[in-house]
Amino acid sequence: MGITTQCKTLSPIAEDILGKRYYHEGEDWKGLCERVASVISNGDKELVDDFFDVMYNLDFLPNSPTLANAGKESDRQQLSACFILPVEDDIVEIMETVKNTAIVHKSGGGTGFDFSSTRPKGSPVSSTNGVASGPLSWMKIINATTEEVKQGGMRRGANMGTLRVDHPDILDFILCKKNDKTMTNFNLSVGVSDVFMDAVEKGDDFELVNPHNKEVILTDAREIFDIICKNSWESGEPGMIFIDVVNSTNPVPHLGAIKSSNPCGEFYFIPFGVCNLGSINLVNMLKSVEDGRYVIDFDRLKKITEIAVTFLDKVIDVNHFPLPEIHDMAHNTRPIGLGVMGLADMLLYMKLPYDSDAGREMVGKVMKFIDDVGWATSNMLGRELGTFPEFQQENLPSQKTPRNCQITTIAPTGTLATFAGVSFGIEPNFNFVYRRKIVDSEFIQVHPLFEKVAKEEGFYSEELMETLRTTPSLKVRNLAGVPEHVKEYFITAFDISPEDHVKMQATVQKYVDNAVSKTINLPYDATSEQIGELYMMAWKLGCKGITVYRDGSRDDQVIVAVKES
Ligand code: GDP
Ligand code: 5AD
């Protein structure tokens, strides 16, 4: 028997968010699922019931913009979460990008920019006989625009800003949030090359190159690396993007190099790239077998994956894209971002520790299965409807007729996992009982499995629940009264070593076409050197990027970085 029905009922917190932002007039969950299924199936009667069922049962959910905007009047039907916008070394083009950022944010999408082609601060500008204000000044303008558009749209704006490590203004960029407390609407990542990481390892010099006049300044790679690590230690930022690793899997390299990602780091693409996401709820893919154990129902997972890929591909056709360039890029490349949520909960049900070889092995198996079925489905769709126009065989050697240039990517599922009542994306649980304040209402959530196991194993008590509720960085492994065999797998983000966090990210990345959104949690007493080691480890294990967060290092600590406001 499956455990699907457990997730059918939405929690009060889910209803609260849905009521405030997602339901159209007079709608409930069933009405929302009917509306979205009808819009996305676009008159195809064979698909509409499947699309309704997977959403209504919380087996699969498309990203927030699809849930909220499907069925709105045509020019507001923007269905994607991730956008990449260009930044050229030209004031008119930059202002065009500022305008486009506001348009995308209003529609609920997040934007990513790479500022590396802008000339450094103090460079001459021939047309005005003045000097350039540098990449940071453009970031400031986008940041301020984001702040003002906040009031208008479905959710506040969110940006990713990247700068290549060989840009002469790199130190200003690394320190920018420290020096400018208003820069709150950006996540920051440094784009580091393999050459840079090699130079750090060997202690070599490294060249900073002015993108405008190609002037070179020699610097010490380790010095830059240490400053990045020290700032991440202090505030969690900047993150790192391993830009050569990212480009090694660019599915459309003939259209240009990839330089940036969307705000939470799961979608790397060329400028004007756009991606609509959706996530499978892995808890609903479990079935219980005779001896009470839970196993993955792979037949069901196959069916849900096929429906999910078909759904996400269809979204592209009915999507209203905010700019002609984005529309063309979407139709010529057709990327979709199928991910998962509830991965940590899946492992809990299976009694497999998140930080064990057995846990990682299971995760690898599930992710590979989804990726394989996803590509098979896309090839089938391609045979029926045509491959994506920019498909070139040498860029995707294992595919023959894919409809989409990429299938899988792992989103944080900040809202979707709350609707489904499961752990976020591939993150471990942060606690098993916690308070969450959403706008003006407070909710207390207890993990359904924790209460069940605690009662079955005889360690349930009100005192324990109170400890769980009031200890933010809780380590279950330190709790008295919890049996040893339960402590092994019933773990929070803080029980798991930072190295094991990275290993899980790398395991998932192996079977994901685009990238993985994940935070590497560190204890308060971690050092900046340890962060450097984790960055090296992530690069060597093939991660595309890394973001760390040291417990207690920011006053505004939230469960997920991008929050509803
Ligand atoms: P969900 O669909 O709402 O659960 O979104 P996720 O938490 O999975 O985030 C996926 C992507 O949506 C992010 O990487 C961003 O690109 C975008 N996004 C998420 N939250 C926000 C937000 O508050 N504002 C904007 N503008 N974009 C967001
Ligand atoms: N690069 C990538 N992801 C980031 N996040 C925050 N800052 C960055 C960054 N610079 C991500 C967190 C989390 C999500 C909510 O946002 O790692 O997964």
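Domain bounds here come from an automatic or database domain assignment. The model is predicted: local features need pLDDT of at least 70, side-chain atom pairs count only at pLDDT 80 or more, and totals for chains, interfaces and linings use all residues. Residues are numbered from 1 along each chain as its sequence is written, while chains are lettered from A and ligands numbered from 1 in the order in which they are written.

View 1. The assignment gives domain 1 (4-77 + 277-417), domain 2 (82-261) and domain 3 (429-489). Between the C-alpha centres of domain 2 and domain 3 there are 40 Å. The protein has 21 helices and 21 strands (DSSP runs numbered from the N terminus, helices being H or I of at least four residues and strands E of at least two). With a radius of gyration of 23 Å, close to the 24 Å from the globule rule for 565 residues, the protein is as compact as a globular protein of that length; the radius is taken over C-alpha atoms, and the rule is 2.2 Å times the number of residues to the power 0.38.

View 2. Around ligand 1 stand 24 residues, with Ala81, Gly110, Cys264, Gly414 and Thr415 nearest (a residue is near if its C-beta atom, placed from the backbone, lies within 6 Å). Ligand 1 lies between domain 1 (4-77 + 277-417) and domain 2 (82-261), because both give residues to its shell. That shell holds ten nonpolar, eleven polar and three charged residues. Ala, Val, Leu, Ile, Met, Phe, Trp, Tyr, Cys and Pro count as nonpolar, Asp, Glu, Lys and Arg as charged, and the others, Gly among them, as polar.

**View 3. The surroundings of ligand 2.** The shell of ligand 2 has 17 residues, and Asn187, Gly239, Cys264, Gly265 and Thr547 are the closest. Seven of the shell residues are nonpolar, eight polar and two charged. Strand E7 (residues 186-192) supplies three residues, the largest share.

View 4. Seven of the seven residues of E7 are buried (20 or more other C-beta atoms within 10 Å of the residue's own, with C-beta atoms placed from the backbone). Phe186, Leu188, Val190 and Val192 are on one side, and Asn187, Ser189 and Gly191 on the other. Strand E6 (residues 159-164) runs parallel to E7 and is joined to it by six bridges; strands pair if DSSP finds at least two bridges between them. Met160 has Asn187 of E7 as its bridge partner. Strand E10 (residues 239-242) also pairs with E7 in the parallel sense, over four bridges, and Ser189 is opposite Gly239 of E10.

Definitions and conventions:
A residue is buried if 20 or more other C-beta atoms lie within 10 Å of its own, exposed if 12 or fewer, and partly exposed in between; C-beta atoms are placed from the backbone.
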